[in-house]
Amino acid sequence: MSMKSIEIANKILEIMNEQYPSEIQEKGAINTLYIIIRSIKETETIPSNVHLKDHARMLMDATANYNLEIIYLLQDLDKELKKNERQR
């Protein structure tokens with residue numbers, strides 16, 4: 001995983017911890033996304049059945065906010081991880 005990918009994943013987790021501390025503990029879109037980002041950070045790969053764009057949409061629906069910084073970070077992370085995968 002590139003340093004940029006790690007930085008993006010850390011930023012997403014940081015924002016989620018600050019903005020959604022209770023939602024991280026409850027079942028739902030935010031909890032699921034939090035678990036996925038932690039897993040990506042630990043394994044340095046996106047599981048084949050996970051599509052970050054779908055989770056970004058679920059996050060928008062759960063928060064009713066369509067201009068979240070996390071959404072843009074998820075797009076950046078997705079691009080960076082795919083770029084890294086092509087370079088292998």
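**Close-up 1. Helices H4 and H5 in the lining of the largest pocket.** In this predicted model, helix H4 (52–63) and helix H5 (69–87) each supply at least two residues of the lining of the largest pocket. H5 gives the most, contributing five residues to that lining. The lining of the largest pocket comprises 15 residues, and among these Ile46, Val50, Asp78, Leu81 and Lys82 lie nearest its centre.

**Close-up 2. Volume and residue classes of the largest pocket.** The volume of the largest pocket in the predicted model is about 250 Å³. When the lining residues are sorted by class, six are charged, five are nonpolar and four are polar.

**Close-up 3. Packing of helix H1 against helix H3.** Two packed helices are described by the angle between their axes and the distance between the axes. For helix H1 (residues 3–19) and helix H3 (residues 29–43), the angle is about 150° and the axes are 10 Å apart, which makes H1 roughly antiparallel to H3. The crossing of H1 and H3 is left-handed. On the H1 side the contact is made by Ala9, Asn10, Ile12, Leu13, Met16 and Asn17, and on the H3 side by Ile30, Leu33, Tyr34, Ile37, Arg38 and Lys41. Of the residues in this contact of H1 with H3, eight are nonpolar, two are polar and two are charged.

**Close-up 4. Packing of helix H3 against helix H4.** The axes of H3 and H4 cross at roughly 145° and come within 9 Å, and the crossing of H3 and H4 is left-handed. From H3, the residues Ala29, Ile30, Thr32, Leu33, Ile36, Ile37 and Ile40 meet Leu52, His55, Met58, Leu59, Ala62 and Thr63 of H4. By class, the contact of H3 with H4 has 10 nonpolar and three polar residues, with no charged residues. Ile30, Leu33 and Ile37 of H3 are listed in the contact with H1 and also in the contact with H4.

Note on methods
Residues are numbered from 1 along each chain as its sequence is written. This is a predicted model: local features need pLDDT of at least 70, side-chain atom pairs count only at pLDDT 80 or more; totals for chains, interfaces and linings use all residues. Side-chain values use heavy atoms; hydrogens and water are left out. Axes are lines fitted to C-alpha atoms, for helices over the stretch in contact, and angles run from 0 to 180 degrees between N-to-C directions. Helices (H or I, at least four residues) and strands (E, at least two) are DSSP runs, numbered from the N terminus. Angles under 35 degrees count as roughly parallel, over 145 as roughly antiparallel, 65 to 115 as roughly perpendicular and the rest as oblique. A crossing is left-handed if the near helix is turned anticlockwise from the far one by less than a right angle, and right-handed if clockwise. Contact means heavy atoms within 4.5 Å. Ala, Val, Leu, Ile, Met, Phe, Trp, Tyr, Cys and Pro count as nonpolar, Asp, Glu, Lys and Arg as charged, and the others, Gly among them, as polar. On a 1 Å grid over the protein atoms alone, a cavity is a set of points where a 1.4 Å probe fits but cannot get out, and a pocket is an open set with protein on both sides within 12 Å along at least five of seven lines; lining residues have an atom within 4 Å of a point. Grid points are joined across faces, edges and corners, and a volume is the space filled by probe spheres set on the points.
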